[in-house]
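Thank you all for coming. I would like to walk through one model this morning, beginning with the terms and then moving through its elements, its cores and its pocket.

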Amino acid sequence: AHPVSPPWTIATDTLTTDSGKTYELAKDTTAPLTLVFFGYTHCPDVCPTVMSSITSGLRKLSASDQKKIQVFFVTSDPKRDTGPVLRAWLDRYSSKFVGLTGSLDSIAQLGKSIGIYVDQGQKLASGGYDPNSHSSFVIGVTDHKAPVFWDGDTAPSQFAHDFKFLLAHGTDHLQSATS
């Protein structure tokens, strides 16, 4: 885990969950630890790898600790990633994970506020589409701020270690968790 000091202040843009409910990450998070990852369901490599690592890391925790962590996947491809598409894709990892979508502008503003770059993407000569629009960082949210992030190549065992530490000690002692 990498501490962010001072913690990022999360943008107040409202998104929509995969089940159609409005959600504002800046104020609606209630779990002791919320994980946020930006990506898209058509991603061939990075997104499935990171989501699998998060899932595997969570499975290493006790059931009670797992219940204290919420995972949000924010699409950087809202044109294709509708609520049902997000739900079907996320169910491969966990039925408890929540997909968030909305206007690309709102998604980009939310991302910018927590260190994630999201752009418009581009059409490919083949007729396809490349969102080309996200980093692979996983952002940790506690108390409506974002004080920590992980690189996309974080191993499941490291996620598990950091999740346990953060649940037990909060973010005040992040330096000792990362050294």
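Let me start with how elements are named: helices (H or I, at least four residues) and strands (E, at least two) are DSSP runs, numbered from the N terminus. What you see is a predicted model, in which local features need pLDDT of at least 70 and side-chain atom pairs count only at pLDDT 80 or more, while totals for chains, interfaces and linings use all residues. Residues are numbered from 1 along each chain as its sequence is written, and side-chain values use heavy atoms, with hydrogens and water left out.

With that in place, take Thr101, which is found in strand β6. Thr101 counts as buried because its relative accessibility is 13%, where buried means under 20% relative accessible area, exposed over 50% and partly exposed in between, with a 1.4 Å probe and protein chains only. If we leave aside neighbours within four places in sequence, Thr101 is in contact, meaning heavy atoms within 4.5 Å, with Leu15, Thr16, Thr75, Pro78, Asp81, Leu86 and Ile107.

Ile107 takes us to helix α5, residues 104–113, whose buried residues are Leu104, Ser106, Ile107, Leu110, Gly111 and Ser113. What covers these buried residues includes β1 (2–9), β2 (15–17), α1 (25–28), β4, β5 and β6 (98–101). After α5 comes Gly115, which has a positive phi, near 80°.

Now to the interior. In soluble globular proteins, nonpolar side chains tend to be buried together. A nonpolar core here is a set of buried Ala, Val, Leu, Ile, Met, Phe, Trp, Tyr and Cys residues joined through side-chain atoms within 4.5 Å. The largest such core has 27 residues, and those with the most contacts inside it are Leu35, Met51, Ile54, Trp150 and Phe163. At least two residues of this core are supplied by each of β4 (33–39), α2, β5, α4 (83–90), β10 (145–150) and α6 (156–169), and the largest share, 5 residues, comes from α2. Another core lies apart from it, with 22 residues, among them Ile10, Phe38, Ile116 and Val141.

Which strand holds Ala146? Ala146 lies in β10, and it is buried, with a relative accessible area of 0%. Although Ala146 and Pro7 are 139 residues apart along the chain, their C-alpha atoms are separated by 5.2 Å. Not counting residues up to four places away in sequence, Ala146 touches Val4, Pro7, Trp8, Ile10, Ile114, Ile139, Gly140 and Val141.

A word on the cysteines: the structure holds 0 disulfides, a disulfide being a pair of cysteine sulfur atoms within 2.5 Å. Cys43 is in no disulfide, and the nearest cysteine sulfur, that of Cys47, is 3.3 Å away. Cys43 is buried at a relative accessible area of 8%, and Cys47 counts as buried at 0% relative accessibility.

Finally, the pocket. On a 1 Å grid over the protein atoms alone, a pocket is an open set of points where a 1.4 Å probe fits, with protein on both sides within 12 Å along at least five of seven lines, and lining residues have an atom within 4 Å of a point. The largest pocket is lined by 13 residues, of which Leu58, Gln66, Ser94, Lys96 and Phe97 lie nearest its centre. The elements giving two or more residues to this lining are α2 (46–59), α3 (63–66) and β5 (69–75).
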